[in-house]
Amino acid sequence: MSSQVAFKNIKEIPPVDYYTSGRRTCAGCGPAIGYRLISKAAGPNTIFIGPTGCMYVANAHQFLTSPYAVPWHHTQLGGGGAAAIGVASALRTLMLKGKRKLEDINVVVMGGDGAMADIGFSGLSMGLSYDYQRLLYIIYDNEAYMNTGVQASSTTPWGATTTFTPAGKVKPIGNTRLKKNMALVAAAHPKVKYVATATLWPPLDLMNKVHRALNAGGPTLIHVLLPCPKGWFTDPSATVDLSRLAVETGMWVLWESIEGQFKLNYKPKPRKHVREYLAPQGRFSHLKDEDMEKIDKMIEEEWKFWEESAKLGRLVVPY
Amino acid sequence: MSAIKPIPPVAIEKPKAKVWNGARAIAEAVKVADVDVIAAYPIRPYTGIMNSLASMIANGEFTADIIVADSEHSQFEVVKHASAVGARVFAGSSGVGLAFAAEPIIVTALSQLPVVAAIGTRALDDPGNFGMEWSDALMFRDFGWLISWAKTVQEAADMTLVAYRVAEDRRVLLPHFIALDGAAITHVATPVVPVTKQQATEFLPPYRPPYRIDPQDGPVTKAQHIAPSLIGPEQRKTIDVAQKRSKQVIAEAWKDFAKYTGREYPPFLETIGMEDAEFALIGMGAYMKDIELVASRLRSKGYKVGTVRLRYVRPFPAEELINALGGVKAAGVIEFGYSFGSPFGTGSLYHEVATSLYEADTKPTLLDFLFLGGREPTVEHFTQLAEKVIESAHKKPQKKTYWLTLRGEDI
Amino acid sequence: MTVKLVKVTPKVERYPEYEELDWVIAHGLGVDHTADITSFSQTIAQAGSIKGIETYYYMRYDDSPERNYIPMAFYTVLGKPKVPVLLHEEVEPVGELFKVIAVFSSSLLLQKTAQRALLFDGAKKDAILLVNTSITTDDVVRLVKKYNLAQDWFGKVVTISAAKIDSAIAYPMLGALARGWDRIDLDSILTALDVLGKEKKKESVRKGYEAASVKEVHVLAEETEMFKKIKREVELPEFTGEFWTPEVYYAYQKAAAEAQTYPSRIATMPRWEVLAPGLIEFGPQPGKRNLGFTTPWRWQRPIIDMNKCTDCKLCHYYCPDGAIDFAPIKVDYDYCKGCGTCEKVCPVKAIKMVPEIEYLEGLRDEEVLRRFEQREYGF
């Protein structure tokens, strides 16, 4: 397990993108920023697996072109977990049998919240139970099925309005389920070497976590919160700001579990009120003050467990 | 375009027959085919194949990675993507397992990856039923998979090797199902002459897809989303042409297979007594042995009965079938697959046969005999239906389809 | 391997039956304008229905699932007796259809080549151009001549500064439309709003009707600057039976990137024999960019003040489209979608977003500066 910090300075990051320009992702797309940074950190010897979702359809074929400068293969919406096992297994077996030269190749699955937390949950869990090296599952979590037009997934936060959970006269809250914590789920797999959460802020955090994951010597998962201007009803220029606010309000907790060792990466001091993060988002515009207070209290409670985990150096389940 | 062509040996190696059930025989063929990645998930009756393979791998009989998947869906995703990377792969399933995996199964063909998979045919739920029906395998006849049907354990094993050769040929590049009648092939043990490692290596060239999902082959993007105004029917046509080309490749492969092993098979249709037949019994799979017995009994009584056994459902050998049935007065399709609400309440194989015969100059009277719900037929049933076929030649039949083994009125 | 190229001119089909109908095409930027364009189209169709005209509206489905700022369009079709109303997704290339071209952002008047079609492709000679803008009708005509290939156009320009009246810009736009087009009059639009339960918006429609500027225009093809420059033919690899090679793919990609109209882009798509099994494409070599088609998305552009820039690379790091080169820091405007992330993340405020219309034409348009305060759902 390499714990070195690979990217110390933004000026030293690789200038090359392997997920390149020229695609139909939204102006200000959070997952696109994430994809770029992940591809930079993973480097040229990488195979990307793309389950169905925005990062499949919005990067779609235009006139026989492709935005990927490394091998990329689509898999079905629920197929991310298994497809990566297929690729990793083929590479290892072909190398073992002398049919392919020995080489370190990264296999990275760019699955959305729907693809990983909902329909592909079982396959992901299977993937995390194997011991293939350089296998990284990314959950790019924009908190709903954005590609199909903003429908709630099991990572949609409480109180968000989506087209399947609209806030209405009789149901004023919108989504009443609580966000599923996929990083905790991943950490419950004994063979997983590295689990982390990330977002676009602070800079380099995501890239370094990708680097650590790929060098962890086993299956790994990073749950990345990536704001979606289309589905969150925010200004396209606000994407990075929202990432920062998610962290500073404590609504998104940055942590790592390195072979079971818990590390809290960032503790907001003082924690901003969740209102600062929720208010700019159109999907929460129907929430009343007391709803925001309720969310803030929930976050406050949850943080006791994160701090406890930090103290103990191992995960304490906060729910 | 085609890969390495080895020279057949002068003397054919003839190993001793071993008594194996279908599951074991297929596993032995997969072993000598030097498969790299296998994905398994249990469901009767195909599971035995995976049990055998797992045990062979555990005991070091050959090197392959066996993935114990969390579902059939994952199972087929694993092999699909391993195949895209350049590994030779094997999977399989039965009944509702195939239904659960329908999504990756379909896309495997539409993205032209030469996965080879075995189907132990089984009735679909509900209710749960270990009996044999063909509907699970025939569900996938429309998506580009090559589908072959074995009569014996020996043929099932041999078909496995030929399947790799055909599927991986660059003129084809399509996945291949080998359908094994549940229990009748999978669980029945007979003497089988194995294909030796040497024969397999010479018969089956290494798998080399044109472009692998591997950094070695550059920035290859596979199966991107498309706008149909840009690419639509064009992609479908590549699959259509691959299916059409596969007929020649299949014929070549079986011819070559005979050279290496000494075992000869007609590529598409096995016909018995059709040279002068007035009546034909058409079917597939393991029960053809019983049907052939019935035909020979009737022949000894003076009825000119012949049998036609389809070895492939996809590609469907329509011309061969028309030729075989030339001069026949009446024919019966014997099948274990159905399509509820279909024209005249006929079965899936009947549709294929009838569509083919529509192009024939002379059309025999065609009857359909259905064995549904998994209940096993007997020679008695086959005799009854053969007699109906004979009778239909001189007396217009009252109906087209017959549900055999059914208790109650067949309306 | 060298690829020999041959010239191909795309065939443009025409459907005279279509041309007899009154088509309204409404152009906007994805997500930002979806709700408004939906209301706009729905109200016109409702007004037509009240008058007893067979009518429908639909979204150009190829743009869906829509994306922030993607150039998107809705069609509303008003029938005529005995002329069948047909649904057809690909309407741009089929002749002279559009009686009304409604443009929800003036940035779309500046497009050189669009995702799908040039703005006036498919327009009738007497088309009405309705633009949501604060610039003058004269300026609109000037821009049309400069950028939009309105060949032999004898129609009208109607402008309305809609957001000044209502943040739901559809309604002032509808008023302005009634002002310029007699087929759908003000009364039928107001009645339609009653039927749709949007009585509250009637005031905005009336205000739009009053505030709209209308100007008759006469433009000859020769007056348009780009008319002579536009290339409708494309150069494609000659089909020799050789297929599956990256070289041929790259040649097709290049032809598509160079094609200037939608029909010619469609003409760059290969025959099936060219396609590798399993639908394979070849991405760019590392360090290069994919051939993109996203230029017309941008309504504003980042301008970097290199005197202030400290070369911290944050703008490169955070650009969603990878449109900012690493060294030296420089924006590739073929790929920038104008989201404004770089302006927000720049720690020394060296980047400023400038509306395209201001940058290219020195015009200040209040309407493109308008941001949505309250977005509606419009899926």
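The crossing of α3(A) and α3(B) is right-handed, a crossing being left-handed if the near helix is turned anticlockwise from the far one by less than a right angle, and right-handed if clockwise. This is a predicted model, in which local features need pLDDT of at least 70, side-chain atom pairs count only at pLDDT 80 or more, and totals for chains, interfaces and linings use all residues. Residues are numbered from 1 along each chain as its sequence is written, while chains are lettered from A and ligands numbered from 1 in the order in which they are written.

**Exercise 1.** Determine the angle at which α3(A) and α3(B) pack, and classify it.

Step 1. Helix α3 of chain A (residues 80-96) packs against helix α3 of chain B (residues 72-85) at about 40°, and their axes are 7 Å apart. Helices (H or I, at least four residues) and strands (E, at least two) are DSSP runs, numbered from the N terminus. Axes are lines fitted to C-alpha atoms, for helices over the stretch in contact, and angles run from 0 to 180 degrees between N-to-C directions.

Step 2. The angle therefore makes α3(A) oblique to α3(B), since angles under 35 degrees count as roughly parallel, over 145 as roughly antiparallel, 65 to 115 as roughly perpendicular and the rest as oblique.

Step 3. Residues in contact (C-beta atoms, placed from the backbone, within 7 Å) include G86(A) and A90(A) of α3(A), and V78(B) and H81(B) of α3(B).

**Exercise 2.** State how many residues chain A and chain C each give to their contact.

Step 1. Chain A contributes 47 residues and chain C 53 residues.

Step 2. On the side of chain A, α1 (30-42), α8 (229-232) and α9 (239-248) each give two or more residues.

**Exercise 3.** Describe the open sheet of chain C.

Step 1. Its seven strands follow the order β3-β4-β2-β5-β6-β7-β8, with mixed pairing; two strands pair if DSSP finds at least two bridges between them.

Step 2. The edges are β3 (55-59) and β8 (213-216) of chain C, each pairing on one side only.

Step 3. The twist from one strand to the next averages 15°.

Step 4. Helix α3 (residues 137-147) of chain C packs on the sheet, touching β6 (123-132), β7 (156-160) and β8, and its direction makes about 125° with that of β7(C).

Step 5. Strands β2 (residues 22-29) and β4 (residues 71-78) of chain C run antiparallel, joined by eight bridges. G28(C) has M72(C) as its bridge partner in β4(C).

**Exercise 4.** Locate the domains of chain B.

Step 1. The assignment, automatic or from a database, gives domain 1 (18-261) and domain 2 (269-403).

Step 2. Their centres, taken over C-alpha atoms, are separated by 28 Å.

Note on methods: Contact = placed C-beta atoms within 7 Å.
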